[in-house]
Amino acid sequence: ILDLGCGTGLPALTLADLCEGTIVGLDPDVAALARFEERIRLAGLGARIEARRGSLFAHDLSLASFDLLWAEGVLHLLAPALAFPACTALLAPGGWLVLHETRAWWHAVEASAIAAGFRTVDIYDLPPGAWSRDYFEPLAARVAALRQAHPEAASSPDLARAERDLATVHADPTQLDTLFVLLQRTSLGIPREQEPK
């Protein structure tokens, strides 16, 4: 399994709990990878999980070597016409790509995924408003409590950033409606309807 944009490794560690495979976490952020490596060490999973510095476009990974690519909130940062072919190249024929992105983004780029040799197998829509209700509303309450308990932190850049994020979400909660998409690489890396018979 390749966890693209693994950050500090929470998805990779969860994937390790769910399967017996090996996992490579790939991210350009050195500080995040250091935290990920510490988590790997503490979990005793050094034989199964590896943290590597790199990106989808700059890495030393073997092509066609992964059975599954996990991309949680990563691909929307990249040009779909380049990202999907790069994912195809890393996957073994028949391999899987799991995306977690916004609904609007996926509908705008699905054709690029198909053009790069993927077929959509399944889509799981998270309930509308789930991010707002289950993440941002509790965050708003926590930020307000911190402001009240620590007035000296009024100029905290972290609190200011959280409040900006909260204001953006409050203005349009539907922008965070997300889904998981399960894609499969066709055997030749081209759309199934174009494969030779």
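Author: Start with contact. Two residues are in contact when they have heavy atoms within 4.5 Å. Keep in mind that this is a predicted model.

Reader: Let me try that on aspartate 122. Which residues does aspartate 122 touch, not counting residues up to four places away in sequence?
Author: Aspartate 122 touches Phe180, Val181 and Leu182. Its place is in strand β6, residues 118-125.

Reader: Is aspartate 122 buried, exposed or partly exposed?
Author: Use the cut-offs. Buried means under 20% relative accessible area, and exposed means over 50%. Aspartate 122 has 48%, so it is partly exposed.

Reader: How far apart are aspartate 122 and alanine 16 in space?
Author: They are 22 Å apart, C-alpha to C-alpha. In sequence, 106 residues separate them.

Reader: How accessible is threonine 120?
Author: Its relative accessibility is 28%, so it counts as partly exposed.

Reader: Step back to the chain. How many helices and strands does the chain have?
Author: Six helices and seven strands. From the N terminus on, the elements run β-α-β-α-β-β-α-β-α-β-α-α-β.

Reader: What box do the C-alpha atoms of the chain fill?
Author: Roughly 70 × 40 × 30 Å, taken along the principal axes. Buried residues make up 38% of the 197 residues.

Reader: What do contacts say about the chain as a whole?
Author: Look at sequence separation. Take the contacts between residues at least 6 apart in sequence. Of these, 72% join residues at least 24 apart.

Reader: Now a helix. How do I read the length of α6?
Author: Compare its reach with the span expected at 1.5 Å a residue. Helix α6 covers residues 157-171, which is 15 residues. From first C-alpha to last it reaches 21 Å, close to the 21 Å expected.

Reader: Which residues of α6 are buried?
Author: Leu159, Ala162, Leu166 and Val169. Seen down the axis of α6, the buried residues fall within an arc of 85°, so they line one face of the helix. The face turned away from that side carries the exposed residues Pro157, Arg164 and Ala171.

Reader: What covers the buried residues of α6?
Author: The cover includes α5, residues 130-149.

Reader: Where are the buried residues of α1?
Author: They are Ala12, Leu13, Leu15 and Ala16. Down the axis of α1 they fall within an arc of 160°, so they too line one face. On the other side, Asp17 and Leu18 are exposed. The buried residues of α1 pack against β1, β2 (23-27), α2 (30-43), β3 and β4.

Reader: What is there to read in the phi of alanine 64?
Author: Most residues other than glycine have a negative phi. In alanine 64, phi is near 55°, a positive value in a residue other than glycine. Alanine 64 is found in the loop between β3 (49-53) and β4. Its relative accessible area is 39%, so it is partly exposed.

Reader: How do the lining residues of the largest pocket divide?
Author: Eleven are nonpolar, nine polar and six charged.

Reader: And what lines the second largest pocket?
Author: This pocket holds about 180 Å³ of space. Its lining includes Leu4, Asp27, Pro28, Phe57 and Val74. The lining residues divide into eight nonpolar, three polar and one charged.

Key: Residues are numbered from 1 along each chain as its sequence is written. This is a predicted model: local features need pLDDT of at least 70, side-chain atom pairs count only at pLDDT 80 or more; totals for chains, interfaces and linings use all residues. Side-chain values use heavy atoms; hydrogens and water are left out. Helices (H or I, at least four residues) and strands (E, at least two) are DSSP runs, numbered from the N terminus. The expected span of a helix is 1.5 Å times one less than its number of residues. Buried means under 20% relative accessible area, exposed over 50%, partly exposed in between (1.4 Å probe, protein chains only). The arc is that of the directions from the helix axis to the C-beta atoms. Ala, Val, Leu, Ile, Met, Phe, Trp, Tyr, Cys and Pro count as nonpolar, Asp, Glu, Lys and Arg as charged, and the others, Gly among them, as polar. On a 1 Å grid over the protein atoms alone, a cavity is a set of points where a 1.4 Å probe fits but cannot get out, and a pocket is an open set with protein on both sides within 12 Å along at least five of seven lines; lining residues have an atom within 4 Å of a point. Grid points are joined across faces, edges and corners, and a volume is the space filled by probe spheres set on the points.
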